[in-house]
Amino acid sequence: MKRKLRLMVAKPGLDGHDRGARIIARAYRDAGYEVVYTGLHQTPEEIVEAAIQEDVDMIGLSSLAGAHKYLFLRVIELLKEKDADDIVVCGGGIIPDEDIMILKQAGVKEIFTPGTTLDEIVKWVEDNIHPRID
Amino acid sequence: MASIFNPKVFDDIKDSCLKWKNKLDKILSSRPERLDRFSTVSDQKVKRLYTPEDIKNLDFEKDINFPGEFPFTRGVQPTMYRGRLWTMRMFAGLGTAQDTNERFHLLVKEGQTGLSTAFDMPTLMGYDTDSPKARGECGKCGVAIDTLLDMEELFHGLPIDKITTSMTINPPASIIWAMYIAMAEKRGIDHKTIGGTIQNDMLKEFIAQKTFMCPPKASVRIITDTVEFGTKEIPRWNPISISGYHIREAGSTAVQELAFTLADGIAYTEAAIQRGIDVDDFAPRLSYFFNSHVDFFEEIAKFRAARRIWANIMKNRFKAKNPRSLWLRFHTQTAGCSLTAQQPYNNIVRTTLQALAAILGGTQSLHTNSLDEVLSIPTEEAAMIALRTQQIIAEESGVTNTIDPLGGSYFIESFTNKMEEEALEIIHKIDDMGGMLAAIEKNYPQQAIADSAYHFQKQLDANQKIMVGINKYIIDNEEIPVEVLEIDDAIEKLQIEKINRIKTERNNKRVKECLEQVGDACAGNKNVMEDLILAVKEYTTLQELCDVYRDAFGEYRDPGIY
């Protein structure tokens, strides 16, 4: 039997805007996924360590204060270093189009910008995230 | 009782009311209304029509009265905007202190009447730019302030003896305030004459905005130090801006915003009284800060209810005697969360409506969001349109000609009553829990806000609530037509070099002594403010002082409620 997906919702950096992250964590939970919400003010190092420890299949990063380029790319880099880059990374928040290109090229699988519905976000997980093979 | 209606009126209109209802039923049977249920953005039900029946118990003197008279429903000043317009105070901060100083000069030149400072994330969280935690964040969402030198550059050439300054800062508010006081003194301005506001409202940080550092109890102790110091030394300063803005932005309803904010105000008042300060010595300097969301009448009712509830709380609960203690004075910001990245010019219209609601609600000061708020820190052009929006309302629309023009409206008065009733219910619930500190420990307001935010998102996804450009009137493959302001990553390096230079040039022996003194004040009962002012004058950094707080009081961790 396929095991339940485990999804991490993470808030990297000092940004305190957690309305979106918390709504998405709840939407994943309501859709039947296991959810790990990190809470606020996590360093990329803390996020990657927790993701590996919790054996999640995906990390969803949320940023609304402009530091996404450094923070998201650092998460990608650390996952590679720890040989855990099969954990899919996606993100959301206030992220300009030019930065979306840069982030995607670096390995962020999808970026969700304001106006995306919860159904779309959940559907994307359904279509794109699969349990990691141990 | 000074009822506004002659009781005979209700008998007189009975027949016409019945006639109207019969006619209505006929129309509804063939042409049903657009929706089964009409409600505000907070999902507060709105009836088809409000009539004298809805406010038949309204007592003119007790419930609304004249402006400047208890319970101040119609405004705190007898003349309101006929006497003096609200303060036009645009929130600004970007990049380095020099960058923000330039923006301040522009806004003042264009007719802004108060300053308002946005800080970057490291400053807000009590870290210097050279902290590993600050990587990638310098100057991004506000100005970076590490030492007194930055503060001096930030206000260089600005008439701070004539204009008041608001600073949106919370965990390190006492330190930033100390820097501002030190900066003014260095310019030869008597600190007794400077005026302004520090936000310094930590309770709403735990509830909603989430820039926190030390645990709640210790945070309230430092805040009480600032209230005590301000009362004695800086009499024209508002040491706390008790804020509902962020509670609303986090997704609360209008009633929750009102209730949680006033409950925070009660907690600060209790703490200051416990310190032994007379309520009438500090209460006149407590100020409020509310959101003006997109649902026009609900907001106006909220502002009117806020004044009435607070006046009653101060009079009855805290036995305040000074009329000024009973005034709820407030700043307003239009709702960032109501704006859209899609079709961003529409945001000018939203902001105009929200600004108008704040003014019809009797605000003392106002920030209007820029059309590009959703995308980045405002460009100069966008900030100017936002300022002009206020000036057009003030100078052209005519709404300032008379006081509380919506007073007496069946709907507004009835909704004001409803806001009051429901907010009081929540305030009493918090009282029963043991006050706001206890409620926060139980995650009560945090969870209530998360529930409301989720409820709204679900309604939006189901098209039960509409946001133009988001779930209706969408433009496919829209290209964002506005310029987005980028903060150069290179300023981080320059700012770090600046700190390094200061650290080699200052008297480090004195800095160490000052830090120890602040540590001693924290450990005991001495008010920290005087030692902080001495410390910042030696160019002690923001983080060095915050680290003293962290060592003394410990750090608060987000419980991660969702």
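How many residues does the contact take from chain B, and how many from chain A? I am working from a predicted model. I looked up the contact and found 31 residues from chain B and 30 residues from chain A.

**Chain B side**

I noted α5 (121–125) and α18 (444–461), each of which supplies at least two residues. The largest share comes from α18(B), with five residues.

**Strand β1 of chain A**

I moved on to β1(A), residues 6–10. Is this strand enclosed or open? Five of its five residues are buried, so I put the strand down as largely enclosed by the rest of the structure. I looked at the two faces separately. In a regular strand the side chains alternate between the two faces of the sheet. On one side of β1(A) I found A:Arg6, A:Met8 and A:Ala10, and on the other A:Leu7 and A:Val9; all are buried, and both faces are covered.

**Neighbours of β1(A)**

I followed the bridges to β2(A), residues 34–37. Four bridges join this strand to β1(A), and the two run parallel. A:Val9 has A:Tyr37 as its bridge partner in β2(A).

Then I turned to β3(A), residues 58–63. β1(A) is joined to β3(A) by four bridges, again in parallel. Here I noted A:Ile59 of β3(A) as the bridge partner of A:Met8.

Methods. Residues numbered from 1 in each chain as written. Chains lettered and ligands numbered in written order. Predicted model: local features only at pLDDT ≥ 70, side-chain atom pairs only at ≥ 80, totals over all residues. Contact = placed C-beta atoms within 7 Å. Buried ≥ 20, exposed ≤ 12 C-beta atoms within 10 Å, placed from the backbone. Pairing = 2+ DSSP bridges.
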